Every structure is written in structure tokens, then in C-alpha cells.
Amino acid sequence: EEIVFRAPLMLLFPSLTKTVWVAVIISSLVFGALHATKNWINRGNLSGMPGVVESSQGIGWRIWRFSITTILGFILAYQAVLHQSLYRCFWIHLCWNVFFMLIFPLLLRFLIPLVCNAWMAITGRNFQRSRYF
């Protein structure tokens, strides 16, 4: 993704636009739009884990995913322009994916039961489970 989204930002967009910020914004919006429409989260072992929301839950989830990935796209594009290198982008993107695909779902798997048990201990009532977990 760095080669598709950030390499043209450093090589092609500056010659097409008057300012590099237009290229950064375009790259970020395209990155966010493509991530909001692709159905990658239902693959592999993630689909059955608590806290992982299926992408078929509608427009709200797609807007959320578009917003978050557009912000990430902006950070990555800014780093590519600032350092004129894709190495930092590779590492930031790798850390992002590792956290949100491996660490975050595992945290949710252990934290949700702890929160539910603490809620029941404090209030004496059952915790109302939502459709997300």
C-alpha cells in the first residue's frame, strides 16, 4: 500500500498540483475510501473474536473506518513527504496493523469479561451485552 499510495505522492503528485498538501489530501482520501469499501475484516480468525465488528453492519461502520483510515493515510502521506522516504511509512503501517488486528482483539477478549464481572460486582445487576460482543 505504501508503494501504491505514497510513492506517487512523492514522485507524481507534486508535478501535477501547485502544492504538496493537495497531493497529501488526495492520497489520504483515496486511501480512506478504498479501506472503507473493502471487506477484509471477515477473513481469518478475526471474524469470531469479540470486539471485532463485521463490516456488513452498515454505513456507520464504513464512515468510521473511512475516517480512521483517512487520518492514518494523512499521517503516512505526511511522513512520506516530510522524510522523502517510505521506510517510516512501512513501519507505522505495520505497527498499526499489528495493534488493531492482533493486540486489540486479544485485549477485548480479556477486558470485556473483566468489565462485565466488575459491573455485576458493583451494581449487582447483569451487564447488558450489545451485538458487538
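Keep in mind that the model is predicted. There are 6 aromatic pairs to look at, and the largest nonpolar core is made of 8 residues.

- H4 covers residues 59-83. With 25 residues at 1.5 Å each, H4 should span 36 Å, and its end C-alpha atoms do sit 36 Å apart, so the two values agree.
- Quite a few H4 residues are buried, including Trp61, Arg65, Thr69, Thr70 and Gly73. Leu72, Leu76 and Ala80 are also on the buried list for H4.
- Which residues make up the largest nonpolar core? They are Phe5, Ala7, Phe31, Leu72, Leu76, Ala80, Leu86 and Cys89.
- Two elements, helix H1 (2-11) and H4, each give two or more residues to this core.
- As background, nonpolar side chains tend to be buried together in soluble globular proteins.

- Trp21 and Phe74 make a stacked aromatic pair, with 6.1 Å from centre to centre and 20° between the planes.
- Trp21 belongs to helix H3 (residues 20-37) and Phe74 to H4, so this pair ties together parts that are 53 residues apart in sequence.

**Rings along helix H5**

- Phe100 and Phe104 form another ring pair: their centres are 5.7 Å apart and their planes meet at 55°, so the pair counts as tilted.
- Both residues lie in helix H5 (residues 87-123), 4 residues apart, which is about one turn of the helix.
- Phe100 has a relative accessibility of 38%, so it counts as partly exposed. Phe104, at 33%, is partly exposed too.

**Gln84, just past H4**

- Where is Gln84? You'll find it in the loop between H4 and H5.
- Coming just after H4, Gln84 takes a positive phi of about 50°.
- Gln84 counts as exposed because its relative accessibility is 54%.
- The side chain of Gln84 reaches back to the backbone oxygen of Val81, at 3.0 Å.
- Gln84 and Leu11 are 73 residues apart in sequence, yet their C-alpha atoms are 9.7 Å apart in space.

**His35 in helix H3**

- His35 lies in helix H3, and its 9% relative accessibility makes it buried.
- What does the side chain of His35 reach? It reaches the backbone oxygen of Phe31, at 2.9 Å. Phe31 is one of the residues of the largest nonpolar core.

**The cysteines**

- How many disulfides are there? The count is 0, going by the rule that the sulfur atoms must lie within 2.5 Å.
- Cys89 is buried, at 0% relative accessible area, and is one of the core residues named above.
- Cys95 is partly exposed, with a relative accessible area of 48%.

How values were computed: Residues are numbered from 1 along each chain as its sequence is written. This is a predicted model: local features need pLDDT of at least 70, side-chain atom pairs count only at pLDDT 80 or more; totals for chains, interfaces and linings use all residues. Side-chain values use heavy atoms; hydrogens and water are left out. Rings of Phe, Tyr and Trp (its six-membered ring) pair if their centres lie within 6.5 Å; planes under 30 degrees apart count as stacked, over 60 as edge-to-face and the rest as tilted. Buried means under 20% relative accessible area, exposed over 50%, partly exposed in between (1.4 Å probe, protein chains only). A polar contact is a pair of N or O atoms within 3.5 Å; within protein, one must be able to donate a hydrogen and the other to accept it, and residues adjacent in sequence count only if both atoms are side-chain atoms. The expected span of a helix is 1.5 Å times one less than its number of residues. A nonpolar core is a set of buried Ala, Val, Leu, Ile, Met, Phe, Trp, Tyr and Cys residues joined through side-chain atoms within 4.5 Å.
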